[in-house]
Amino acid sequence: MQRRSQQIELNPSNKQSTLMSKHAGYARVAYNFAVSSFKAGLDNDEWRTYVDIKREFNAVKYDKFQWCSELSQNASKNAIHNLGDAVTRWKKGQNSFPVYKKRSDRISYQADNGTGTVEVHKNRINLPKIGWVRMREALRYKGTISKVVVSKRNNRWFVSILIDCDISNFNYQPAVLDDKEPMGIDVGINTLATCSNGDTYANPRPLKRFERKLARANRALSRKIKGSQNWHKAKAILSGVHYRIACIREDAHHQASIRIIRKASAIGIETLNISGLLKNRKLAKALSDSAFSGFLTLLKYKADRRGIPITEADQFFASSKTCSSCGHKKADLTLSDRRYHCSECGLDIDRDLNAAINLCPV
Ligand SMILES: [Zn+2]
């Protein structure tokens with residue numbers, strides 16, 4: 001049994017969208033109630049568990065928050081559970097003390113009650129008190145639904161579904177290729193990935209394409225009075241542009257990583273010191289645009305699921321400066337040198353390909 005999660009965009013009606021906002025608001029109110037109750041407990045030298053807080057909340061909710069009677073109580077219940085988890089993590093020193101949630105925070109709520117109340121049928125999901133909501137795609141996994149979180153991001157609604165499933169039913173390698181080979185992969189700014197077999201995957205660099213749109217949306221927002229109707233509208237447009245950029249990037253990463261995985265029997269990559277590279281201001285913008293740490297994470301995760309070994313080269317291994325043919329190390333290679341020319345053996349090769357060959361696991 002394994003857990004899989006899938007996030008699917010929802011296509012709610014206006015009425016459903018309003019109801020989902022109300023539920024998210026209810027979850028926030030319950031969470032904040034729990035934070036203050038827990039704090040009050042601490043002030044009185046009393047350790048309140050989430051069970052205590054839930055009891056306290058249930059006793060007063062219909063008086064204090066009358067509007068909640070039309071909503072699913074799962075939203076508040078799960079929010080208080082979350083506070084309980086946050087307190088546990090805080091006690092273990094894993095995060096700081098839980099803070100109040102603000103109205104402007106990314107809104108979400110957990111819709112299930114842990115016992116499979118949420119039903120999915122093809123492209124629809126049945127959410128408590130909301131009813132059947134259309135989904136943009138069907139659920140990919142079969143199994144028991146163990147958690148359902150509804151959230152709003154960039155003015156779009158999403159549902160994140162956690163499923164307990166038996167993965168032995170899945171075939172993760174639809175195309176079993178005979179010519180699988182060990183592959184070294186060099187990630188870069190100009191080309192997202194260069195493989196040691198010569199394959200290259202282009203980087204869409206969406207930020208560059210959307211730079212003007214982004215600038216215009218940002219300017220429009222800055223001219224509005226903060227918090228006004230028009231400000232909210234401008235903000236929605238801006239977040240729409242950001243969303244488009246993220247989608248294009250993510251799509252390119254998914255496509256490149258799966259194609260590499262299907263051809264590789266073993267994978268070698270570089271250990272990237274991203275935070276170090278980001279200190280280089282010239283590179284920082286281009287780097288965060290190509291966002292290749294996200295790409296490497298995807299690649300690792302997909303390889304891991306299919307049992308393809310993935311090795312990371314030593315952080316100080318000079319994959320770009322070393323000659324892939326004779327092993328000579330060049331001292332004066334700059335970023336603008338697109339080709340690698342070896343003074344020892346005369347090898348003349350594309351710079352990224354040279355690095356990829358060096359990273360290839362033996
Ligand atoms: Zn050489």
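Predicted model: local features only at pLDDT ≥ 70, side-chain atom pairs only at ≥ 80, totals over all residues.

Trainee: Start with the helices. At what angle do the axes of helix 1 and helix 3 cross?

Mentor: The axes of helix 1 (residues 14-43) and helix 3 (residues 74-91) cross at roughly 45° and come within 8 Å.

Trainee: Is the crossing of helix 1 and helix 3 right-handed or left-handed?

Mentor: Helix 1 passes helix 3 in a right-handed crossing.

Trainee: Which residues meet there?

Mentor: On the helix 1 side they include His 23, Tyr 26, Ala 30, Phe 38 and Leu 42. Among those in helix 3 are Ser 76, Asn 82, Leu 83 and Trp 90. By type, the residues of this contact between helix 1 and helix 3 divide into 15 nonpolar, three polar and no charged.

Trainee: New topic. What is the order of the strands in the sheet?

Mentor: The order is 2-6-7-1-5-4-3, in an open sheet of seven strands with antiparallel pairing. Strand 2 (108-110) and strand 3 (119-121) are the edge strands, each pairing on one side only. From one strand to the next, the twist averages 35°.

Trainee: How many bridges join strand 6 and strand 7?

Mentor: Nine bridges, in the antiparallel sense, between strand 6 (residues 144-153) and strand 7 (residues 156-165). Val 149 stands opposite Ser 160 in strand 7.

Trainee: Which strands does helix 1 touch?

Mentor: Helix 1 packs on the sheet and touches strand 1 (2-11), strand 2, strand 4 (124-127), strand 5 (131-135), strand 6 and strand 7. The direction of helix 1 makes about 80° with that of strand 2.

Trainee: Now a single residue. Is Leu 359 buried or exposed?

Mentor: Leu 359 is buried, at a relative accessible area of 6%, and is found in helix 9 (residues 351-359).

Trainee: What does Leu 359 touch?

Mentor: Beyond residues up to four places away in sequence, the contacts of Leu 359 include Ile 185, Ile 269, Phe 317 and Ser 319. Ser 319 is 40 residues away along the chain, yet the C-alpha atoms of Leu 359 and Ser 319 are separated by 6.6 Å.

Trainee: And Ile 248, buried or exposed?

Mentor: Ile 248 lies in helix 5 (residues 229-263) and counts as buried at 16% relative accessibility, because the cut-off for buried is under 20%.

How values were computed. Residues numbered from 1 in each chain as written. Heavy atoms only, no water. Axes fitted to C-alpha atoms, helices over the stretch in contact; angles between N-to-C directions. Helix = DSSP H or I, 4+ residues; strand = E, 2+ residues; numbered from the N terminus. Left-handed = near helix turned anticlockwise from the far one by under 90°. Contact = heavy atoms within 4.5 Å. Nonpolar A, V, L, I, M, F, W, Y, C, P; charged D, E, K, R; others polar. Pairing = 2+ DSSP bridges. Buried < 20%, exposed > 50% of the residue type's maximum accessible area, 1.4 Å probe, protein only.
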